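Dear colleague,

I am passing on the structure we discussed, with the sequence alongside. Please look it over first; my notes on what was found in it follow below.

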Amino acid sequence: MPTATRLWRPNRRDLLAGALGAVGAATISMGAPRSLFASGTERLRVGLIGCGGRGTGAAQQATIAHPSVRIVAMGDLFDDHLTEAAHLLKAAVGDQFECPAERRFVGANAWRHVVEADLDAVILAAAPWSRPGQFAAAIDRGLHVYCERPAAIDTPGIEAVAASCRVAKARGLVVVSGLARRHHTSTIETITRIHDGAIGRLFRVVCESHRGLPWHRPVDPSWTAQEQRHRNWVAYPDLSGGHLVEAHLDALDCALWAMGDLYPVAAAPEPSRGGLAVRYRFADGRDLRVEILRSATVAERTTECVIGSRGTADLAPHRSDARPGWNFDSLGINPWQTCMASFVNGVLAGGRGDGGAPLVRSTCVALLGRAAVEAGHEVTCGALASASGGATGII
């Protein structure tokens, strides 16, 4: 068997020294965060970076979460994305949309203009490759951050995000991960019972995702090659992180949650029926198997089977064969809405959110699995410096 490659050992040691260049020296200042409301008014001023479908939806969900929310700045690489999003938001949220033309920014530096606007909070919903720098800049400005998943597409990026999370915690800023199922009643109830021993001792989780072909925006002949790539970033691993990192992170996060939010000690590739498969092993002997299958003919679906000593539970339909009648399916509850409500309410109530920990953890584990697939053999969690040039931990 080939020698295992050492990649990283996630722990809770401070990354600030190692990732200072990525985060920026100014973030070391641990002063108080910016005041919540503009002087004399009760408005929670929110900026949006990334005006695609998810970003536009997240902005609308923020306004639904509390009447004080105002969308006051927006930015995107492309003018048509921004124009369409502004039109949709204005129609949907009315007076809660306070983003005039001068606060609608387009181009490679649009996100910088949003962060520099007069905000309290920002939604990061642009392509994953851009998130580490945007996250760091937002925390540097003293903004509360809602960050979509994944957090990054490589280990230097995830180190920078982890460092930013540490700074946010020290400054009392709210960070919430866009892993919506962490806020979904059905999933919370199911995992609570798993942790309470309903299926006995948990020893394995199997996640299997059947996915259609990657979504692709039809190519316009007027687009440059670079524009085509960025408009279809999901299809390019150097922009999205690849299928395991971008498309399967929610299922991977739920599996880790069920297993007690522990990091695995290693990952190894496994044979797949037409996609990719990874098996993670944990220090206590448990394992997690993840497989992604792509087909143009098979309906998209995901199964998340948690296997215990007295039965199994499926995190997708929220049922268990160990307990007849156990069904926590909460129809009509939108997990993305409850996730955004957690963020908005955390900001208004002076909370901390999840601090970005689930987002960092799940992205790290996805990157470990991708490294194993690319290497073609087992990859162990070892010194991160060997893979990313000097940092020594995660969070």
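In this predicted model, an open sheet is formed by 6 strands in the order β4-β3-β2-β5-β6-β7, with parallel pairing (two strands pair if DSSP finds at least two bridges between them; strands are DSSP runs of E with at least two residues, helices are runs of H or I with at least four, and both are numbered from the N terminus). Its edge strands, each pairing on one side only, are β4 (104-106) and β7 (175-177), and from one strand to the next the twist averages 15°. Helix α2 (residues 53-65) lies across β2 (44-49), β3, β5 (121-124) and β6 (144-147), and runs at about 165° to β3 (axes are lines fitted to C-alpha atoms, for helices over the stretch in contact, with angles from 0 to 180 degrees between N-to-C directions; contact means heavy atoms within 4.5 Å).

Residues are numbered from 1 along each chain as its sequence is written. Because the model is predicted, local features need pLDDT of at least 70 and side-chain atom pairs count only at pLDDT 80 or more, while totals for chains, interfaces and linings use all residues, and side-chain values use heavy atoms, with hydrogens and water left out.

Strand β8 (residues 202-211) has two partners to look at: with strand β12 (residues 301-308) the pairing is antiparallel over 8 bridges, R204 having I307 as its bridge partner, whereas β8 and strand β11 (residues 287-294) run parallel and are joined by 8 bridges, with E208 opposite E291. Of the 10 residues of β8, 7 are buried (under 20% relative accessible area with a 1.4 Å probe, protein chains only).

Helix α11 (residues 249-258) is largely enclosed by the rest of the structure, because 10 of its 10 residues are buried. Just after α11, G260 takes a positive phi of about 95°.

With best wishes

Conventions. Buried means under 20% relative accessible area, exposed over 50%, partly exposed in between (1.4 Å probe, protein chains only).
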